[in-house]
Amino acid sequence: MPSQKFSRKYITRHKKSAQLWRRAARLTPGGVESNIRYFRPHPFLADYGDGGYIYDVDGNKILDFMMGFGALLLGHNNRDIALEVIKQLESGSMLGVTSELFIDYLAAVQKAMPSMRKMRLCNSGTEATMHAIRTARAYSGREKIAKAEGAYHGAHDYVLQSLDMDARMARNNGYKAVPYGRGIPKAVSDTVVIYPYNDIEGTAAILEENEDEVGALIVEPVLCGPGVIVPKGNYLKRLRQLTRKRRIVLIFDEVLTGFRLAYGGAQEYYNVRPDMTTFGKIAGGGFQLAGFGGESQIMETLEPGRGWRNATFHAGTYNGHPIGVAAGLKAVQILGEHPEYYDHVNRLGRQLFSGLQDLADDRRIPAWVEYVGSIGNVYFTTKDEIRNFRDTLSANTRRWWNWFIHCLGNNVLFGIPNTGERAFLSTEHTDEDVEWALEVADGAFAAIAKEAHRHRERAPAVQLQAASEQTALYGEAPHPSV
Ligand SMILES: Cc1ncc(COP(=O)(O)O)c(C=O)c1O
């Protein structure tokens, strides 16, 4: 088990959560709705959310930097969005036919990201990337897709590839697609080629090896699967040139970056126009809404008038669900009308993430805080640059867990302690929130420094033990330890 010293306060403060979670675990695997939500010793259960805080069943008021996995840029329980939802509920929660509301929503999204000449809606980022990939395959007439090592694009088979691995596996594997977990057919993995993010020569070489076979390249413009990795130099622009030259459809997966880095997402922030885009999270105002779109000639492969043999299929009972669309439209309108909200979250992001870096440095704890705008992640590593997934393998995940659970025991939630989770600011957070978070984080860094000091005195026997503890925590080979 990881060091219980760090989780003692969390356990003491979450007795009712533990009780309810045990009940949940009898009914659902891990007692959670999604594998990502599970963590040790047990997740906590929410009572309600408000602004920048979650109030849990034990009466704790928790400063939330997880913010609905990034969906809640406007905070929990935004009043204006809630009113639109109530209004829509009174006109029917599920219509099953197109409405004017839907057209207004598409127009609002297109205003923010004009690269999407045509769009389709669905209910999750997972569906959005799945349909975008199918559409791109149909358009290009090629079967393979390229995805970056470590990138997360949702929970379908085509993108659950090379998401995580330990350093040895990475060394032995080259860039072959590795299915993430069991149940994914090898035949699917064989249609996916993996490229190294932030390495344009490496990416070009992989595409060259698979010449004329790759129909689409999907990229998280900021690689957030393994935390937060910012594109270095002009990687995205060169990716644009490379895919254009090879007639590969370039898909920006903006499920996380859309409406967050800027109103127009990463494509506005980095000034690169992709062929296709996927969006979700913030675009749904906290409701189940996502979509995909792109250049007209690509999206026209979906035209139902072509007949099923010639068209690409896309459907869903709840596509364009009026409640989600009403919420999403309000969220997108608010963000379009308030450019100053971006100044606010980006300023707080700078304050929080550079503050965390300073605190770790002051305590002489090897750490690198990577961030852009209002998204950031702490890596406990000796590296002073993180360029790609493989660089994250040097991070000490046990230390991260100890730091995270210490902060959560003091009511600050810095994400979820699993691969690729990170911290997000919202418009509801304040300077005082950030100051308090830094105070709590410093307490956690101090505890880590003390623990490291104790370890140094007791090494090497404890180091071996630490490695096996990490395996127990993550159930797989650990990243290099303490
Ligand atoms: C970049 C990216 N794409 C796709 C998804 C999947 O979205 P969803 O969880 O709504 O299925 C996520 C979710 O975190 C994401 O971050």
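1. Angles run from 0 to 180 degrees between N-to-C directions, and the axes are lines fitted to C-alpha atoms, for helices over the stretch in contact. Helices (H or I, at least four residues) and strands (E, at least two) are DSSP runs, numbered from the N terminus.

2. Please keep in mind that this is a predicted model, in which local features need pLDDT of at least 70 and side-chain atom pairs count only at pLDDT 80 or more, whereas totals for chains, interfaces and linings use all residues. Residues are numbered from 1 along each chain as its sequence is written, and side-chain values use heavy atoms, with hydrogens and water left out.

3. A second open sheet is built from seven strands in the order β4-β10-β9-β8-β7-β5-β6, and its pairing is mixed. Its edge strands are β4 (118-122) and β6 (192-195), each of which pairs on one side only, and the twist averages 20° from one strand to the next. Strand β5 (residues 144-148) runs parallel to β6 and is joined to it by four bridges, with Val193 in β6 as the bridge partner of Ala146. Helix α4 (residues 100-112) lies across β4 and β9 (276-279), running at about 120° to β4.

4. Strands β1 (residues 46-50) and β2 (residues 53-56) run antiparallel and are joined by four bridges, among them the one in which Asp50 is partnered by Tyr53 of β2. The hairpin of β1 and β2 has two residues between the strands, and in it Gly51 takes a positive phi near 60°. Strand β3 (residues 61-64) then pairs with β2 in the antiparallel sense over three bridges, and Ile54 stands opposite Ile62 in β3. In the hairpin of β2 and β3, with four residues between the strands, Gly59 takes a positive phi near 85°.

5. Two backbone details deserve a look. Most residues other than glycine have a negative phi, and most peptide bonds are trans. Arg40 and Pro41 are joined by a cis peptide bond with omega of about 5°, and Pro41 is placed in the loop between α2 (15-27) and β1. Asn77, although not a glycine, has a positive phi of about 60°, and its place is in the loop between β3 and α3 (79-89).

6. The ligand is surrounded by Ser124, Gly125, Thr126, Tyr152, His153, Gly154, Glu220, Asp253, Val255, Leu256 and Lys281, where a residue is counted if one of its heavy atoms lies within 4 Å. This shell divides into three nonpolar, five polar and three charged residues, under a scheme in which Ala, Val, Leu, Ile, Met, Phe, Trp, Tyr, Cys and Pro count as nonpolar, Asp, Glu, Lys and Arg as charged, and the others, Gly among them, as polar.

7. A nitrogen atom of the ligand is 2.6 Å from an N or O atom in the side chain of Asp253. An oxygen atom of the ligand is 2.8 Å from an N or O atom in the side chain of Lys281, and an oxygen atom of the ligand is 2.8 Å from a polar backbone atom of Gly125. The protein covers 80% of the 390 Å² of accessible area that the ligand has on its own, as computed by the Shrake-Rupley method with a 1.4 Å probe.

Terms used
A polar contact is a pair of N or O atoms within 3.5 Å; within protein, one must be able to donate a hydrogen and the other to accept it, and residues adjacent in sequence count only if both atoms are side-chain atoms. Two strands pair if DSSP finds at least two bridges between them. Contact means heavy atoms within 4.5 Å.
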